[in-house]
Amino acid sequence: MTTNSLNVNKEEIAKFEKVANQWWELTGDFKPLHQLNPLRVQFICQHISEQQTEVFGKDVIDVGCGGGILSESLAKLGANVTGIDMGTEPLNVARLHALESGLTINYEKITAEEKAQQAKGSFDIVTCMEMLEHVPDPASIVNACAQLVKPGGLVFFSTLNKNIKSYLLAILAAEKLFKIVPDGTHDHDKFIKPSQLISWAQACELKCIDASGIHYNPITENHKLIDNLDVNYILCCQKV
């Protein structure tokens with residue numbers, strides 16, 4: 001894969017590079033991710049336990065790991081974690097924080113597609129959270145995740161639905177009015193309908209076994225899983 005064909009949006013990379021030093025500031029630009037992370041971990045652990053197993057000892061790859069918030073949580077549960085991203089500064093932050101936390105995590109600057117060529121069928125669990133809406137070709141990422149996971153393994157995706165409600169809540173309210181996330185974080189044109197994401201997954205032999213919406217309460221600043229997938233949502237897929 002040549003540099004010109006990398007599935008990377010340079011503007012998106014630059015945006016996250018610029019604020020990388022805030023990644024582990026609990027009240028900074030990444031506060032929403034810190035608030036959301038326990039729910040993501042809960043969803044992952046729930047579905048792993050339904051497979052009569054646990055996170056401990058599993059080989060996990062976190063695609064689009066950023067500064068390592070989810071990667072560290074899974075490492076603390078005993079998983080063997082690899083985190084990949086194309087942002088140099090976020091990865092530097094992730095490596096330093098893991099060192100400070102006494103965690104061993106393998107962080108790599110590499111695309112999902114390139115990693116899939118190197119390590120096909122190597123991981124029990126693949127996570128790809130809040131990343132698909134930031135790349136030019138999300139279907140290619142879905143395909144790479146399907147290649148990375150072992151047969152019978154689980155792949156988790158989370159992203160934003162594409163409709164009027166998601167525009168009003170995720171962009172107009174969250175970015176413009178209440179400044180929950182920085183202005184310009186998201187592009188509504190890049191949001192993805194659940195039916196589209198599930199279709200991409202099925203084409204790669206990933207069967208969607210669960211889908212939940214994620215509801216955020218701005219007053220309590222808490223997240224919870226709901227049946228409605230109108231805005232934020234998370235999927236669990238299994239490689240068939």
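The structure is a predicted model, in which local features need pLDDT of at least 70, side-chain atom pairs count only at pLDDT 80 or more, and totals for chains, interfaces and linings use all residues. Residues are numbered from 1 along each chain as its sequence is written, and side-chain values use heavy atoms, with hydrogens and water left out. Helices (H or I, at least four residues) and strands (E, at least two) are DSSP runs, numbered from the N terminus.

An open sheet of eight strands runs in the order 3-2-1-4-5-8-6-7. Its pairing is mixed. Two strands pair if DSSP finds at least two bridges between them. Strand 3 (106–109) and strand 7 (222–226) form the edges, and each pairs on one side only. On average, neighbouring strands of the sheet are turned by 20 degrees against each other, direction ignored.

Strand 1 (residues 59–63) pairs with strand 2 (residues 80–85) in the parallel sense. Five bridges join the two. Asp62 stands opposite Gly83 of strand 2. Helix 3 (residues 69–76) packs on the sheet and touches strand 1, strand 2, strand 3 and strand 4 (123–129). The direction of helix 3 makes about 175 degrees with that of strand 2. Axes here are lines fitted to C-alpha atoms, for helices over the stretch in contact, and angles run from 0 to 180 degrees between N-to-C directions. Four of the five residues of strand 1 are buried. Buried means under 20% relative accessible area, exposed over 50%, and partly exposed in between (1.4 Å probe, protein chains only).

Strand 8 (residues 232–239) has six of its eight residues buried, so it is largely enclosed by the rest of the structure. Strand 8 pairs with strand 5 (residues 149–160) in the antiparallel sense, over seven bridges. In this pair, Phe157 stands opposite Leu235 of strand 8. Strand 6 (residues 206–217) also pairs with strand 8 in the antiparallel sense, over eight bridges. Here Lys207 has Gln238 of strand 8 as its bridge partner.

Two packed helices are described by the angle between their axes and the distance between the axes. Helix 6 (residues 138–148) and helix 8 (residues 194–203) pack at an angle of about 45 degrees, and their axes lie 9 Å apart. That angle makes helix 6 oblique to helix 8. Angles under 35 degrees count as roughly parallel, over 145 as roughly antiparallel, 65 to 115 as roughly perpendicular, and the rest as oblique. The crossing of the two helices is right-handed; in such a crossing the near helix is turned clockwise from the far one by less than a right angle. Helix 6 contributes Pro138, Ala139 and Val142 to the contact (heavy atoms within 4.5 Å). Helix 8 contributes Leu197, Trp200 and Ala201.

Two loop residues have a positive phi without being glycine. Glu205 lies in the loop between helix 8 and strand 6, and its phi is near 65 degrees. Glu205 is partly exposed, with a relative accessible area of 47%. Glu221 lies in the loop between strand 6 and strand 7, with a phi of about 60 degrees. Glu221 also counts as partly exposed, at 32% relative accessibility.
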